[in-house]
Amino acid sequence: MSSRPVGIDIEAAPQKGTSGEVRGESIIVADDVHKTYAAAGQPVHALRGVSLSVSRGEMVTIMGPSGCGKTTLLNCLSGLETIEQGEIFVEGRSIHDMPDTERTDHRARRMGFVFQFYNLLPVLSAVENVELPLLLAGVGQRESRDRAMLALEQVGLADWAGHRPAQLSGGQRQRVTIARALVNDPAIVWGDEPTGDLDSTNAGQIMDLLEGLNRDNNQTFVIVTHDENIGRRANRTIHMRDGLIEGETIHRQLGG
Amino acid sequence: MEELFGLPTIRLMWIVVAIAGVAAAVIAFIFFKRPILVRMGLRNIPRRRAQTVLVTMGLTLATIIVTIAFSTGDSLAVSVRNLALDSLERIDHFITTEEVGTDAESSSSDGIPNQVLLDLQSHFAGDERIDAIFGSRFELVPIEHPEAGQVEPQFFLVGVDPELADRLQAVRDENGDLIELSALGPDEIVINELAARDLDAEPGDRVRLFVMQSPRSFTVAAIGRNAVLTGNLQAGGAGGLLPMSAYQELLGPRLSPPDQWDSILVSGAGGVEEPLEFSEALDEDIDAALSRLERMNPDLYLSNGLSRYATESVKADSLRDAELIASVFTTLFLFMGSFSVAAGILLIFLIFAMLAEERKPEMGIARAVGMQRNDLIQMFISEGMVYNMGAAVVGVVLGLLFAIGLIAALNTGFESFGFQFAWTVTVKSLVISACIGIVITFITVVFSSFRASRLNIVAAIRDIPEEQYEESHPLTPRRVLRNVLGVFTTAIGLVLLATTPITLILGAPVAFFLQLTGRRRAQRLIPWVLLFGWRVLRWNPQWWVLFVIGGWQLLGFGLDQESLFIYMMGISLLPLGVVMGLNRLRLSGRRIPPRLLYTVGAGFVMFLWFAPNDWHESFFNNNLNGGPELFVLAGTMLTAAGTLLLVFNLDLIVGGIRNAVGGVGRMAPVIRTAAAYPAAARYRTGMTIAMIALITFALVNFSTINASFSRAFTGGDTAGGFEVLAFNTEVNAIGDIRAGLAEAGANEVLDEIEDAGRIEAGPVRGTRAVTALTEAWDPVAERHILDSDGEIRTIETDLAELKFEDREAVVLGGINDEFIDGQEVKLQAISYRYEDEQAVWSALRGGEMVAVATVDAIDGAFGFADVDLEPWSTPDSVTDESIRLPRIVVEVGLGENARQVEVIAILERVSGAFVDLDGENGSLPTLLLPESIAAAVVGPSDSTRHYISTRAGADTLEVAQGIERELRIFAVDIKGELERQQSTQSSILALFQGFIGIGLVAGLAALGVIALRAVVERRQQIGVLRAIGFQARLVGFELLIEMGFIALLGLGLGTALALGLAWRLFAEGTFGEISMYIPLGTILPMLIGAFVASLVLTYFPARQAARTTIAEALRYE
């Protein structure tokens, strides 16, 4: 395991090459990303020139103290937020140059999301929640249902398919969220504190699940977390402070 | 307006002021005791301005409706009163002839002998209450304005003593200036404003009056105000006035015998309104004088034994009528507005439920740190009352604006009648409207606050569903007992409240004092005095107990009183209460599935309402009678049951929709979520559906029933196959219309006539005008009748009801052959002795001793028969076309003119409407006979109607105008007249529909409220949807579909229930033989309009949802 600062010294664009010990085909590249919010009329510089790259199949965690800009970075990388300056490439395409419709479509087809508070639609059953991204991507009803059931099976919740979120435990809900994130076979899965609302046992099980999926499916995982234990289970941890990447820790090599 | 619901409006005002005062006292009490609660409640108002506007809008509905109703009532009262005063001027009493033995009044064609006038003048000589008693004559005389080419065949010419009229200052022009009749020249005439308009005449123009076809020219001396003395004797009536000498000279001694009057008029002393003070006493004195004179001179006063002279306090009666009209209209508006008020109440409930949901976490924390449930209630009441006060002011202003528009629309509808209403409102009405609005809202706010305050603290703090909460309140004997006691306590309070509202006023300060002094034990002694005050805040109402006990009591009371309204209310509440109670029951810890309970309960209530009345009556072996008030109850109960049925099966509906839209592709997820949200939020979805359904029910049901009536009575069938109807008058009788037109050289009119039918009508009056020859029947044989298949079967109705009693008056109409040729009148029932309709008409054409009767001659066919006239009774089943009449023989006429005829058919009401001669006052039965027989019984007719069918392609209006122009008899283009009537009806109906439709505002506002709320509470979910790939426009679209889905459910439910109930009413014969007609042309635009409006209202929240920033939404808590 090695630890060294990252940031401006990391080459941003794919053509410029990427840095880090974990090498592979770059699926996410950010170059000098700036993001400013207005809070109570005052500008808050959430990201102040962040550059990084993530390889395909890599599991990366982003850690740092509260308010350091972890979630903002995740949102910007995934195209949920706009940026003022810099560039972000996802699978070789500049995500912020895409019109909103295309960006949304891209998310539907190529990305999956796991949030801290599950954010399932309470009015739909587990399987209906899971199949939603497939329906959005234009997959037929029957196929969507089959694939959603398969995804639930993968997360061990096939028997709970007809239950609404309110009828499930926290751990179960998060598994449904993971199933939803993975059902359309995304290239990248974004996780914002996916175990933040769970006890340690459940959190461990969820991480086992994510790790397995990452390993088996070669999907890229970018996870924001406070939990050092989770951080250690990733290939690499990026450390943030005050809107900047202050360094990274490589836990294990990709494919290692 | 002085009275409403039989209650003086001033008392009504004080009652609602007192109750509103109690509401204000409650707030004052809360403010003084716990000002912090008031402040906490009020701080929410400026925080969310859009919400405040929506809440206020919802609360204004009740006030708007009541203000419109009262202001319209005031306007009608004042307008009709002014019309009566302007029309009658100085005339206070009429003395006319009155039929003996019936309640019907009619002027005798014989007139009143001059001696009667002299006797009365002599009797009342020196009576200071009377300025004058004088005679008048009037007659319909055709008038022509040759220069303008205008003819008015229905011109009421009045003759009075000019000096007397001048002395009374009784005739005035349109500006109110006096017209001196004694100054008129020998060939000068005064015509009224309506005649001037119709004839296009001005002072100085020459007009011609025709008596027995002879013209006589007059110069228009002045245009008089439309009044009785200027010939305005009927609505829209053109007329004029001549000095008596000129009148006598014009009409001659036969038409105007010099020693007779048509009516004797009495003018009270003091002016136009002053005589009203002693009108009643004077009327009694005149009546007593007439009785005395009758006894002194029976030969003069009771010459024919059928009529006597009677007085009528015409001015006082007119003013009473004005009051009655105003009261009826106000009641009607309140009655129809009750749907909107109900929708408004639901909206208030919904809004408070939403407010409570929004503030749930903060309320949970407040409860956790020690705030009592009562405190929460008081906080909500404080907030609600501020909205309430604002809404009362806004509601009154909006209501007045609506009322102004409504009066303007009414004026458009009544334009053809030459009558205009003036908008008016009294302070009393304003106070009542504002206070009723405040009271309704206050009560609703109190109950809403109860519901809002019921929360599980933990669930509220964590903002999670309260499913556990329900489970913590299973049914226990203690709870049952407590709630039963609660119901009885409330019942006592309600009884006291109903009997003496003063208990509220007295009770409030007592309770306030007790509360201040902390004597809580004493407080419990007066729970009823402040039912709607603070005491009620301590009672946790369990509606199921109230429904079961109240429903049971109402059911019994309704049966006892034979009141369908009370019975239906009871029998509807009872199953709902049982279901609500069972829903709380746990059997070995397991509950009965709510879907099963509510589906069965609501389905049962719907069955009860769709079951025919006979079913209820036979089930309980009881008579049940109801009126139009059932309409409101039916709407409320059916909507409640229908909504329950829908919301408890919404997931099935949603499932069906999902299956149906499986192939919609990328829209599938949008439709799926749009359908899922309403199914999950049962309470708010149900409330909104109920609001929309309630108003839709009222609109569709009202439109359907009215359109069916309108179609029946103004449709093509009504004309009976004729296109033009013309009337002879006494002074201008045309025996043969063809000959008349030929003589006038009007060949172009003549050529257009196909059949010139005629009915020579004459009333027969006498103690045996009609003698039912029941003894000629075989009472046993006649128990059996032939049906259309030729089978003999027993009459279902009790034979005791099958009675044909003697009658004292009947109209006999002699029909000619051309009438039979041209008619397309349908027969409702024909005698078993005749093969078919053709055989019936052939018998009439052949001059056989037979007659056909109009539907008014029989009882039970329509339900409108005048019971006082004791119409002939026939089996109820006479409306069934397959039923044949038994042999009915009657003797018509008196003495040697009497003839025995057999009644062989009964005319169908609708197509027979124009041949129902109605007599002089619209209430006599009519028998149509061959012309020769009628002439033998009645003698020469003084009233002939010409029924003309025109050739194909003829311009019927031109034919009617040609007849008027050439023959100067009144002629109507039937089709055009029907269209005019329909147009007037349509505009008035549209007005009422618009009024009912105000309630839709509540439903639409509810959609707006829940859409706004959805955007806020689903912000995070919207963020997730956007994150996983919902396009921005789809998020907005999802909300639009969702709200549109709710709107469609409400509109669909309301429409289905309305049409279902209408079908039941028509099917069970509530409206006689009128068949149901669904006015799609009215209903569809209404439904589409409401749906589009719902989408427009949802558009803005939807746009807001679409613009949600994803990352912010995901961060939102």
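**Reading the model**

A: Start with one residue: Ala641(B) is found in helix α24 (residues 629–647) of chain B. Helices here are DSSP runs of H or I with at least four residues, strands are DSSP runs of E with at least two, and both are numbered from the N terminus. The model is predicted, so local features need pLDDT of at least 70 and side-chain atom pairs count only at pLDDT 80 or more, while totals for chains, interfaces and linings use all residues. Residues are numbered from 1 along each chain as its sequence is written, and chains are lettered from A and ligands numbered from 1 in the order in which they are written.

Q: Is Ala641(B) buried or exposed?

A: The general idea is a neighbour count: a residue is buried if 20 or more other C-beta atoms lie within 10 Å of its own, exposed if 12 or fewer, and partly exposed in between, with C-beta atoms placed from the backbone. Ala641(B) has 24 other C-beta atoms within 10 Å and is therefore buried.

Q: Which residues does Ala641(B) touch, not counting residues up to four places away in sequence?

A: Two residues are in contact if their C-beta atoms, placed from the backbone, lie within 7 Å. With that exclusion, Ala641(B) touches Ala602(B), Val605(B) and Met606(B). As for Phe94(B), it and Ala641(B) are 547 residues apart in sequence and 56 Å apart in space, C-alpha to C-alpha.

Q: How do I read the crossing of helix α1 (residues 9–33) and helix α13 (residues 373–413) of chain B, and at what angle do they cross?

A: Axes are lines fitted to C-alpha atoms, for helices over the stretch in contact, and angles run from 0 to 180 degrees between N-to-C directions. The axes of α1(B) and α13(B) come within 10 Å and cross at roughly 125 degrees. That makes α1(B) oblique to α13(B); angles under 35 degrees count as roughly parallel, over 145 as roughly antiparallel, 65 to 115 as roughly perpendicular and the rest as oblique. The crossing is left-handed, meaning that the near helix is turned anticlockwise from the far one by less than a right angle; clockwise would be right-handed.

Q: Which residues make that contact?

A: From α1(B) they are Val26(B), Ile27(B) and Ile30(B), and from α13(B) they are Gln378(B), Ile381(B), Ser382(B) and Met385(B). By class, the contact of α1(B) with α13(B) has 5 nonpolar, 2 polar and no charged residues. Ala, Val, Leu, Ile, Met, Phe, Trp, Tyr, Cys and Pro count as nonpolar, Asp, Glu, Lys and Arg as charged, and the others, Gly among them, as polar.

Q: How is α13(B) oriented relative to helix α34 (residues 974–997) of chain B?

A: The axes of α13(B) and α34(B) come within 9 Å and cross at roughly 165 degrees. The two helices are therefore roughly antiparallel to each other, and their crossing is left-handed. On the α13(B) side the contact is made by Leu406(B), Ala409(B), Leu410(B), Thr412(B) and Gly413(B), and on the α34(B) side by Thr984(B), Ser987(B), Ile988(B) and Leu991(B). These residues divide into 5 nonpolar, 4 polar and no charged.

Q: How many residues of helix α36 (residues 1019–1027) of chain B are buried?

A: In α36(B), 7 of the 9 residues are buried, so the helix is largely enclosed by the rest of the structure. The buried residues of α36(B) pack against elements of both chains: α2 (100–110) and β7 (111–115) of chain A, and α37 (1032–1067), α38 (1080–1106) and α39 (1110–1115) of chain B. Just after α36(B), Gly1029(B) takes a positive phi of about 125 degrees.

Q: How many residues does each chain give to the contact between chains A and B?

A: Chain A gives 25 residues and chain B gives 25 residues. On the chain A side, α2, β7 and α3 (126–136) each supply at least two residues. The largest share of that side, 6 residues, comes from α2(A).

Q: What is the strand order in the open sheet of 4 strands in chain A?

A: Two strands pair if DSSP finds at least two bridges between them. The order is β3-β2-β5-β6, with antiparallel pairing. β3 (42–55) and β6 (93–94) of chain A stand at the edges with a single partner strand each, so one side of each is left without a neighbour in the sheet. Within the sheet, 5 bridges join β2(A) (residues 26–39) to β5(A) (residues 85–90), and His34(A) stands opposite Gln85(A) in β5(A).
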